[in-house]
Amino acid sequence: MKRSRVNEILRQGEEFIRSFGYVLPPFADWTPEEMKHRRAAIDGIVDARLGWDITDYGAGDFDRRGLFLFTVRNGNQEDLKHGRGMLYAEKIMISRRDQLAPLHTHAIKAEDIINRGGGTLCIELFGSDPEGGIDRVSPVRVPTDGVMRRVDAGGVLRLEPGESVTLLPGVWHAFWGEKEDVLIGEVSTVNDDVTDNIFAEPIARFSEIEEDEEPCRLLVSDYATRL
């Protein structure tokens, strides 16, 4: 993706988020220069990979396959081993109308996916077979706001604003917005986007950036090289 396109998507996304009354934390507004100036004090942001994240999954067509994310808070992987401490994470995301977040699952992360507003959030669901692959036959049972629902393998669960679904490790899911763009909340166990995204096809979680202009904000994938 070109940096100019990333900057454009980020500005549009930030405006969309704020239009629903969702207020981002102060560091969302920091420029790259401000983050460099504060570097000695922001290990908690950098190490937890908090902040902006825009991906086209390496496909080069963000409008058709992509996702806009902001990680608000994230716990510690080591705490998971002990079962106590900061075991949780939170994201706010945007799924554009008909924009696919491709089929994937997680080995560790359990997550609530919440339609915070906009259009209908469509989620395609599969269970896992005994080897951890996609079970394309058996139905899936998922809790939706405390009510268990049965979805055929490959069926589409539709969530209207205010509705949510709990996805446990091993539940394969792809999602997109229907009718309008959708603001999505995610509340989960500790998030690890580097190693805990298992895709049905060999694709990249993070996009390669072509630097045709300066970034207006740093992405989490920029921290290693720009801070």
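Analyst: Happy to. Keep in mind that this is a predicted model. As for helix 1, what covers its buried residues includes strand 1 (51-55), strand 2 (67-74), strand 3 (88-95), strand 11 (172-189) and helix 5 (223-226).

User: Which residues of helix 1 are the buried ones?
Analyst: They are Arg3, Val6, Asn7, Ile9, Leu10, Gly13, Glu14 and Ile17. These residues sit on the same side of helix 1, because the arc they cover around the axis is only 165°.

User: Why would residues spaced like that point the same way?
Analyst: An α-helix makes a turn every 3.6 residues, so residues three or four places apart point the same way.

User: And what exposed residues does the face turned away from the buried side carry?
Analyst: On that face of helix 1 you'll find the exposed residues Glu15 and Ser19.

User: How far apart are the end C-alpha atoms of helix 1, and what span should it have?
Analyst: The two agree: helix 1 has 17 residues (3-19), so at 1.5 Å a residue it should span 24 Å, and its end C-alpha atoms are 24 Å apart. Helix 1 is followed by Gly21, which has a positive phi near 80°.

User: Which residues other than glycine have a positive phi?
Analyst: Among them are Arg49, with phi near 55°, and Asp98, with phi of about 65°.

User: Where are those two, and are they buried or exposed?
Analyst: Arg49 is in the loop between helix 3 and strand 1. Its relative accessible area is 29%, so Arg49 counts as partly exposed. Asp98 lies in the loop between strand 3 and strand 4 (101-105), and with a relative accessible area of 54% it is exposed.

User: What lines the largest cavity?
Analyst: It has 16 lining residues, and those nearest its centre are Tyr57, Leu67, Leu69, His104 and Asn197. Strand 2, strand 3 and strand 11 are the elements that give two or more residues to this lining. Strand 11 has the largest share, with three residues. By class, the lining of the largest cavity has six nonpolar, four polar and six charged residues.

User: And which residues line the second largest cavity?
Analyst: That lining is made up of Phe27, Ala28, Trp30, Met35, Gly51, Trp52, Phe70, Arg217, Leu218 and Tyr223. Eight of these count as nonpolar, one as polar and one as charged.

User: What about the largest pocket, how much space lies in it?
Analyst: About 220 Å³. Of its 15 lining residues, Asp47, Ala48, Arg49, Asn74 and Asn191 lie nearest the centre. The elements that give two or more residues to the pocket's lining are helix 3 (43-48) and strand 2. The lining of the largest pocket divides into four nonpolar, six polar and five charged residues. Arg49, then, turns up both here and among the residues with positive phi.

User: Last one: is Thr144 buried or exposed, and what does it touch?
Analyst: Thr144 is part of strand 7 (residues 140-144). It counts as buried because its relative accessibility is 6%, and buried here means under 20%. Leaving out residues up to four places away in sequence, Thr144 touches Arg149, Leu157, Ser164 and Val165.

How values were computed. Residues are numbered from 1 along each chain as its sequence is written. This is a predicted model: local features need pLDDT of at least 70, side-chain atom pairs count only at pLDDT 80 or more; totals for chains, interfaces and linings use all residues. Side-chain values use heavy atoms; hydrogens and water are left out. Helices (H or I, at least four residues) and strands (E, at least two) are DSSP runs, numbered from the N terminus. The expected span of a helix is 1.5 Å times one less than its number of residues. Buried means under 20% relative accessible area, exposed over 50%, partly exposed in between (1.4 Å probe, protein chains only). The arc is that of the directions from the helix axis to the C-beta atoms. Contact means heavy atoms within 4.5 Å. On a 1 Å grid over the protein atoms alone, a cavity is a set of points where a 1.4 Å probe fits but cannot get out, and a pocket is an open set with protein on both sides within 12 Å along at least five of seven lines; lining residues have an atom within 4 Å of a point. Ala, Val, Leu, Ile, Met, Phe, Trp, Tyr, Cys and Pro count as nonpolar, Asp, Glu, Lys and Arg as charged, and the others, Gly among them, as polar. Grid points are joined across faces, edges and corners, and a volume is the space filled by probe spheres set on the points.
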